Amino acid sequence: MEIKDIKKLQNGSDVRGIALAGIAGEDVNFTQDMAMKIAFAFVTWLEKKLGKAPLTFAIGRDSRISGPHLAQAVALGLISKGNKVYQCGIATTPAMFMTTIDPIIEGDGAVMVTASHLPFNRNGLKFFTKDGGLNKEDITEILALAETIETSFTPGGQAVDYDFLPSYSQNILAIVRAKTGTDQPLAGARIVVDAGNGAGGFFVDQVLIPLGANTSGSLCLEPDGNFPNHVPNPEDAVAIDHITRAVLDNQADLGIIFDTDVDRAAIIDEKGNAINRNGFIAFIASMVLSDYPGSTIVTDSITSTGLTEYIESLGGKHHRFKRGYKNVINEAMRLNNEGIETHLAMETSGHGAIKENYFLDDGAYLVTMALIKFAELHQAGKPISSFLAGLKEPVEAKEIRYKITTENFKDYGQKVLTDFESFAASQPGWTVVAPNYEGVRVSCDEAAGNGWCLLRMSLHDPIMPLNIESDSVGGAAIIETVLKEYLQKFEALV
């Protein structure tokens with residue numbers, strides 16, 4: 001039986017769709033039948049890639065309401081081919097990769113049922129092999145196969161219930177204790193966590209408390225797929241306000257916030273200031289550069305000039321690349337393959353991957369690194385806010401998102417960028433930044449706004465985001481005025 005429109009579920013290197021009815025204008029387009037077929041196709045694809053069968057898999061899910069049913073459908077698709085399947089229940093995306101190297105499970109592949117920070121009615125799938133997360137072209141191949149493949153049944157399949165998070169947590173505990181040299185390096189510290197009612201609540205009972213932290217005041221720890229308190233997104237202003245208030249109300253030394261499936265995170269200092277975006281990259285980069293002096297840090301395209309200066313002040317090299325966490329990770333891997341030592345790939349969104357952790361997109365691991373540094377500072381009587389004193393943040397920052405209203409939006413967007421690059425090169429006080437791997441980035445001198453701007457295409461949508469930063473009050477308006485006046489000639493940009 002063919003199921004059409006499966007290919008439309010691709011979102012970069014993930015599968016995402018609407019899994020629940022209930023929001024006007026948003027019809028269900030991701031069903032259990034589709035999930036089963038996609039899982040069956042994943043097995044077929046992996047059998048060919050590895051040249052063996054049967055295989056072993058693990059399945060996890062976040063707290064979404066549709067999660068149990070979709071995970072059951074995925075399990076059916078995997079077991080139908082005679083495989084052993086570990087059903088891990090509530091889990092995290094990075095934990096699912098770890099099942100492929102776990103000495104007990106020894107998974108050939110893993111599937112995480114999640115739609116990250118998207119609304120409650122959405123859901124999706126992320127896939128792993130022992131080589132890491134699948135790439136965009138792998139998902140394209142699997143979904144094309146899923147639309148036409150005939151499912152069948154092979155006897156011998158086995159499903160095993162297995163709570164993997166305790167094993168995952170034990171690994172985190174071992175890392176922190178080894179780096180700090182003590183069993184309870186967080187003794188005497190108050191740390192509050194906001195898990196957003198996603199999958200990250202385990203971090204309190206299974207990591208922080210065993211390390212000695214006082215976690216009273218933590219919130220949204222219980223999994224609840226309705227997300228009744230706020231969107232589980234470390235970039236969301238309401239979510240950040242929740243964790244900030246929790247830090248201040250409880251006089252905490254540190255706050256931690258996770259997204260739904262714990263592949264992203266942010267931390268809050270004792271003053272209630274969010275260490276996210278450029279600040280979180282700087283925080284992790286400083287630790288990486290301490291262990292690997294002179295190495296390269298890969299980030300997405302919208303990081304600030306202040307971050308570049310910070311990385312260079314520590315002896316590192318800053319390599320800006322394209323938006324998209326897989327793009328950033330793959331670029332770091334490419335640089336390493338070319339002999340350019342690179343240990344950190346990180347986006348301003350909070351996605352981050354470290355070489356020593358298999359270049360796995362893992363919010364809990366980044367927080368683990370932050371805990372190690374926090375323990376060192378806490379034992380020395382220094383607050384977490386003291387750590388980033390050398391990072392220069394922009395005085396003003398703004399993002400404007402232009403919609404492209406023509407049907408062939410990619411070609412139109414490219415024309416806008418080509419014309420804009422010529423315009424920018426001729427503008428007084430502007431310098432087109434090179435090398436540059438996404439859109440057109442311009443450095444503006446003091447008279448021209450004392451900052452920078454970046455015009456680029458969205459990865460998937462008919463959108464052109466425009467980012468502006470300035471180191472002077474009123475500078476962003478100077479840059480924006482020039483840009484708006486120029487861009488108004490493109491009638492399909494609204």
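Residues are numbered from 1 along each chain as its sequence is written. Because the model is predicted, local features need pLDDT of at least 70 and side-chain atom pairs count only at pLDDT 80 or more, while totals for chains, interfaces and linings use all residues, and side-chain values use heavy atoms, without hydrogens or water.

Rings of Phe, Tyr and Trp (its six-membered ring) are taken as a pair if their centres lie within 6.5 Å, and planes under 30 degrees apart count as stacked, over 60 as edge-to-face and the rest as tilted. By this rule there are 19 aromatic pairs. One of them is the tilted pair of Phe-97 and Tyr-358, with 5.7 Å centre to centre and 55° between the planes. This pair links distant parts of the chain, 261 residues apart, since Phe-97 belongs to helix α3 (residues 93–98) and Tyr-358 to the loop between β16 (352–354) and β17 (360–361); helices (H or I, at least four residues) and strands (E, at least two) are DSSP runs, numbered from the N terminus.

Phe-97 is buried, at 2% relative accessible area, whereas Tyr-358, at 46%, is partly exposed; buried means under 20%, exposed over 50% and partly exposed in between, with a 1.4 Å probe and protein chains only.

Phe-423 and Trp-430 form an edge-to-face pair, because their planes stand at 85°, with the centres 5.9 Å apart. Ring pairs also join these two with Tyr-412, Phe-420, Tyr-486 and Phe-490 in a cluster.

Finally, the charged end of Arg-441 sits over the ring of Trp-452, 3.8 Å from its centre, where the rule asks for NZ of Lys or CZ of Arg within 6 Å of the ring centre and within 35 degrees of the ring normal. Lys-81 likewise lies over the face of Phe-40, 5.0 Å from the ring centre.
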